[in-house]
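Dear colleague,

I am passing on the structure below, followed by notes on what turned up in it. Please read the notes with the coordinates open.

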Amino acid sequence: MGNGSRTGLRLPLALWGLTRILLLLCVFKVVVIPGPDITFDVSNIYQGWYEVLRTGAYPLDDVTWQYPPAAAFAILAPGLLPFLGYASAFFVLAFLCDAVVFGLLVHTGRRAGRSQRGAWFWLAGVPLLGPTAYARYDVMVTAVAVMALLAAGRSPRVLGALAGFGAVLKVWPVLLLAGTPKGRATFRSWPAAVGAAAAVLAFCVVWMPGALAFLGFQRDRGTEVESLGAMVFHVVRHFGWSGEARMNYGSIEFLGPYVSTVSTVALVLTVAAFGWLLVWRIRARRFVSSTVADAAFVAVLLFTTTSRVLSPQYMLWLVGLAAVCLAYRSSRMRKPAHLVLWATAVTQFEFPVWFSHVTRSDPLGIAVLFTRNGLLIAATLIACRILWRHTVTEPRLAGAGKVPAQATQPEREKALSGSF
């Protein structure tokens, strides 16, 4: 690496180190963030699961265990650092996963057709979410997803294997396969994903009893107060709605009349969103180097925005995928990525800073929640439109002889995207 390259890395490395030290100070409670204790899940729930898992069984008596069986690997991972307490080891591992993602994005940004924008985006996005980023195992899942997407261009099988493993870790990484190019890449990545997922799942089932108990616990969840559907109840509770917001299945959910109806509507929206994604995949004609990442970003946006559960740590998924998109010069997802970044910043105020206002549905709580969810809705709609236009509309118009100005230089686009 030349002197110029080393000099160019000094600023992002210094900023990454500074912001991550601040996050560690927060999770170690040297710096206290207003609101609920964000480390409670690690020091109580995760550590409780850890003690049960060490006995050779999944926590079958705990309805808050709502994760696929490979999540046990993440919960048990702090045991690799026996010289630290459980919570401290967990935070150190989260820090290391963050470092791995940042390092991969920096390395990728130095290649032809790539950009350092992805590394800068990750550098900013994680601290904007606040200490929640290190106090949930989602940073570990996101690291797997980022590694999968960055490997997609060189090895579809590695993409598939990591996506399959990620699916048994926390379901959503299976969506990384939504945008694989038709033909050889799909025929290599999708079977690899099925094989990896089946192998990991079989191992977990044989390893410990109760590997599939999470399915029932997840099915019975309601509408979380932070979700898109919950916005209805935040408003109608001021007009005589008789329901309430209280702890249920490990999170604050709305319980009462019409909640099941709203949850059903959310499920229908999710099905409709994936129906659109299927139509897009059938009709897509152009796949460039960034399409796998772009489609994954769109798919997870659709999944997140329509979910009946929209926990703050979900933003970390979107930050990671958006960072990979921006690492490719051929990606057009800059605008929705920036909307996600703004939504991530608002999320830290929604939880933990002003979470009490959210649960009470007072004007401040409604304002911050509606702002965050509004930004996510806008990002989702814009990202869908961009993906459709770039892969369906423009190739069709080019084939008909009506080439938009931005699609008139395919050779230059290939050069910039690194797809030669």
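Glu244 is partly exposed, with a relative accessible area of 38%, and in this predicted model its side chain meets that of Arg246 in a salt bridge, at 2.9 Å from N to O. Arg246 likewise counts as partly exposed, because its relative accessibility is 40%.

Strand 2, which covers residues 244-248, belongs to an open sheet of three strands in the order 1-3-2, with antiparallel pairing. Strand 1 (223-224) and strand 2 stand at the edges with a single partner strand each, so one side of each is left without a neighbour in the sheet. The pairing of strand 2 with strand 3 (residues 251-255) is antiparallel and runs over five bridges.

Asn248, also in strand 2, has Ser251 of strand 3 as its bridge partner, and a polar contact of 2.7 Å joins its side chain to that of Glu253. Leaving aside neighbours within four places in sequence, Asn248 is in contact with Glu253 and Leu255. Asn248 counts as buried because its relative accessibility is 18%, and buried means under 20%.

Turning to the other charged pairs, a search of the whole structure finds 11 salt bridges. One of them joins Asp98 and Arg20, whose closest N and O atoms are 2.6 Å apart; since Asp98 lies in helix 4 (residues 86-109) and Arg20 in helix 1 (residues 3-27), the pair ties together parts that are 78 residues apart in sequence. Both Asp98 and Arg20 are buried.

Asp138 and Lys170 form another salt bridge, with the closest N and O atoms 2.6 Å apart, and this pair links helix 6 (residues 138-151), which holds Asp138, to helix 7 (residues 156-170), which holds Lys170, across 32 residues. Asp138 is buried at 0% relative accessibility, and Lys170 is buried with a relative accessible area of 9%.

As to confidence, the chain averages a pLDDT of 90, and 91% of the residues score at least 70. Over residues 405-420, however, pLDDT stays under 50, and the model has 24 contacts beyond four places in sequence for that stretch.

Notes. Residues numbered from 1 in each chain as written. Predicted model: local features only at pLDDT ≥ 70, side-chain atom pairs only at ≥ 80, totals over all residues. Heavy atoms only, no water. Helix = DSSP H or I, 4+ residues; strand = E, 2+ residues; numbered from the N terminus. Buried < 20%, exposed > 50% of the residue type's maximum accessible area, 1.4 Å probe, protein only. Polar contact = N/O pair within 3.5 Å; in protein donor to acceptor, adjacent residues only side chain to side chain. Contact = heavy atoms within 4.5 Å. pLDDT = per-residue confidence, 0-100. Pairing = 2+ DSSP bridges. Salt bridge = Lys/Arg side-chain N within 4 Å of Asp/Glu carboxyl O.
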